[in-house]
Number of protein chains: 2
Amino acid sequence: MDELRERLAEIADLDRVSMLLAWDQEVCMPPAGGEARGEMRATVGRLAHERFTDEHVGELLAAAAPRDPLEADIVRVARRDYDKAVRVPGELVAEMARAGVAARGAWMQAREANDFAPFAPYLEHNIELRRRYSACFPEAEHPYDPLLDDYEPGMSTAEVRDALLHLREGLVPLVASAPEIDDALLRVGPFPEAGQRALLGVVLRAIGVDEEQWRIDEATHPFEATIAKTDMRLTTRYDEADMDSLYSSLHEFGHGLYEHQVDPALERTPLDGGASSAWHESQSRLWENMVGRSGGFWRWCLPHAQAALPERFGAVTWQEVQRAANAVRPSYIRVSADEVTYGLHIALRFELELALIEGDLAVADLPAAWNERMQSYLGLDVPDDVHGVLQDIHWAEGAFGYFPTYAVGNVIAGQVWARVTAELPDLDDRFAAGEFAPLREWLAENVHRFGRRHLTTEMLERVVGGGLDPAPYLAYLEAKIDASAQLMS
Amino acid sequence: MDELRERLAEIADLDRVSMLLAWDQEVCMPPAGGEARGEMRATVGRLAHERFTDEHVGELLAAAAPRDPLEADIVRVARRDYDKAVRVPGELVAEMARAGVAARGAWMQAREANDFAPFAPYLEHNIELRRRYSACFPEAEHPYDPLLDDYEPGMSTAEVRDALLHLREGLVPLVASAPEIDDALLRVGPFPEAGQRALLGVVLRAIGVDEEQWRIDEATHPFEATIAKTDMRLTTRYDEADMDSLYSSLHEFGHGLYEHQVDPALERTPLDGGASSAWHESQSRLWENMVGRSGGFWRWCLPHAQAALPERFGAVTWQEVQRAANAVRPSYIRVSADEVTYGLHIALRFELELALIEGDLAVADLPAAWNERMQSYLGLDVPDDVHGVLQDIHWAEGAFGYFPTYAVGNVIAGQVWARVTAELPDLDDRFAAGEFAPLREWLAENVHRFGRRHLTTEMLERVVGGGLDPAPYLAYLEAKIDASAQLMS
């Protein structure tokens, strides 16, 4: 058991090193350093994989005698990871990686040309490889299950399909009923960068970022990197045309706080980190949306926004800002979609990638299927592929099974939020007083501390006492739309 | 051969990763991240060591069939490194590391208390372990040889002893004859930080730092980190009380340029990097002293210094600055010593550590022996241990064999400089015109490109056609002192 733990700690260290190599590449590395960095990352990734899938680890797992519940969980989770990892031939893993790199290049060229057709054969190859990947798990009920399982351990395609269908059916009428709101307050700049920085400093300190354990940098595509629980790194991007630096920082903080508050006893074990992609996303969306677009948040934040950006916020009320922060407006691009339409962008992608994997949709028919759904769900006519099927990198990289986790994350955030607000009914007033510790502590106790000890659905059972259910999330959105409509009337 | 090269490339990658972990720890890491970082660094270091000292590497080396001169050098140098590494039991390596950590803590406490005595048993243990280390190489002629060889491959204790004796005998009268110079121009601030930054930007760009491949940051103790030839990182420290940021940056640039200009074909092989510690130091000192304290450099630099720091340099001549930059003044502390007295600080340390390893000096007698030599070489009465025997961390960390490389580096810099200036007689005028490329290119062609292909003395033979010889360095210093004396009369 000690030898097993030592080996798993070594692999955890290598994973942290990989994370730092990636962080540094985005934040610090001189532009010419990319090629050497690729070699460093490949070497560390390959070593971590080799050291984990080594036969000796299988023997250690078979012989392991856990001495307490923590060690029992370590063995169980490590065995699950190990069994998955050794089932896939190294040759297939390498071919998926190579095909992903080639498809990524083809995708970028296709975007340049605004033409899906030359990308199609690369996408077909990626799909073919994912089918072969799925075939490594013949016991799976559905060929999409093993793909989904990489992001949502233990969750079935059927569960996700039901939930996302329910979500979609709820969202379409909500979007149609949402009042038109002028959100220029947060969307039409200039918002001077110095003011954004000053405001962000105040907000992050208030919600729980301290300089002893966190740092904040700039990156083209904001992300969060946990190097260690005591070495947390957020990145953001300042664009004077909007206030996205605030919302993307709240989002990345949500990811970071989750990992920061995992039980320290799990550090350097396979139990460290978030339970799943959707659980992770639930935490980032909870801070970005449930907190950052709440009335309480803006009652507290507005004076700070006025001090930092007086020319933009000097003459407005918190109600006006909150309304702007909750504007609903159908648009083509997922990453800039509002909270309500976002779920429809995801439902569309999930339905399409499921059909691609099932073989019910040919790649050649994908753009038309995309555009048809955009019209049906959001009432929009897609003008070209760059504003449609070519907008995301996920399929080019072969990341099938990832898209649904965004929507499942929102659904889980809704379920968690319903329970938080039931248990802490004065939360909005606490936010208004700049007090975010009660929420942080509730999340630590009820969600974060468990790390990867439980599967996605086990966590749901534990936190909200049931399965995946879009109803609370839809109710939360509906209440906000009603409130906006009332404020306007 | 291909498998060997692949394994060696993997180890080279891990070494680059270790360097990045160290750089990040000094430059970026939040203060609380230290403990986790220690684990990450230990894991990567252990893996690199294990993967290199693996029996399989021994077999690959034995079976290797080099296909060209480059591969012949790779095999030869890797075999030398391998034979050294496998001769030392892992247990002894671990004990040296543990003893170093303990001694470092004791050293810090002893400094706080300004009392050598409580540090003595830790130092004794370090020395005892180094003797055991030496005993792993019974063929060595002198017990100090294996220690020195870790920094100066192939160089003997006898060679270094002769050279440093010659150097000391030359320096003592030089120091005594040096005129007293007012160096307030570079030593009495304030030099506003913004001005220092601006000047440094101009100087580094001129000597060869571009933003595509280099970055510059701040660190408490300036250092250089090569992550890759295309990812070079310098650090410096701004103190408004002096202009050390300029000289320490020239120094670190010298280290960086050496690694930057190694033949790209050697990347990811054991031949990458500098030939030895002394060769490395020769390059850093060459840029810091031979370039940075030259008349040509200040003829070019003064207008830039005047623009960046008008209140300090507005009303002076380049001759005055150059004279201040070459002031000689005996002092207690090595790291702030001038170029001329520096060698005596090193001679003293080398003589003492040699006697400690030989067993001719007891640790209890070390402070007295130190103080006696300070009086004899520099004419100074050491007031207390913090200004004497406790000032450096090297012995606490067990780094015996390192000190002489500083002086050997200066001696080599003198030999290289004599050849450079013979071959490029207009170098000083080129500096005055802001042209540093001729020097860079000469160094690339004659020194840098070889990397670790040759041992310390083989490199000397190749570059200056002879052995280690302090005469050119002493002549260079004497000429500068004469020039200063003439300027004053």
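In chain B, a hairpin of two residues joins strand S2 to strand S3. Helices (H or I, at least four residues) and strands (E, at least two) are DSSP runs, numbered from the N terminus. The model is predicted: local features need pLDDT of at least 70, side-chain atom pairs count only at pLDDT 80 or more, and totals for chains, interfaces and linings use all residues. Residues are numbered from 1 along each chain as its sequence is written, chains are lettered from A and ligands numbered from 1 in the order in which they are written, and side-chain values use heavy atoms, with hydrogens and water left out.

Strand S2 (residues 224-228) and strand S3 (residues 231-236) of chain B pair in the antiparallel sense over four bridges. Two strands pair if DSSP finds at least two bridges between them. B:Ala228 stands opposite B:Asp231 in S3(B). Five of the five residues of strand S2 of chain B are buried, so this strand is largely enclosed by the rest of the structure. Buried means under 20% relative accessible area, exposed over 50%, and partly exposed in between (1.4 Å probe, protein chains only).

A:Pro30, A:Met40 and A:Leu47 supply 17% of the area that chain A buries against chain B, more than any other three residues. Buried area is the accessible area (1.4 Å probe) that two parts lose on being put together, summed over both.

The rule finds 12 salt bridges across this interface. A salt bridge is a side-chain nitrogen of Lys or Arg within 4 Å of a carboxyl oxygen of Asp or Glu. One of them links B:Arg233 to A:Asp24, with the closest N and O atoms 2.8 Å apart.

A:Ser294 lies in the loop between helix H12 (277-291) and helix H13 (295-308) of chain A. This serine is buried, with a relative accessible area of 9%. A polar atom of the A:Ser294 side chain lies 2.7 Å from the backbone oxygen of A:Val291. Leaving aside neighbours within four places in sequence, A:Ser294 is in contact with A:Asn289, A:Gln322, A:Asp428 and A:Phe431.

How values were computed
Polar contact = N/O pair within 3.5 Å; in protein donor to acceptor, adjacent residues only side chain to side chain. Contact = heavy atoms within 4.5 Å.
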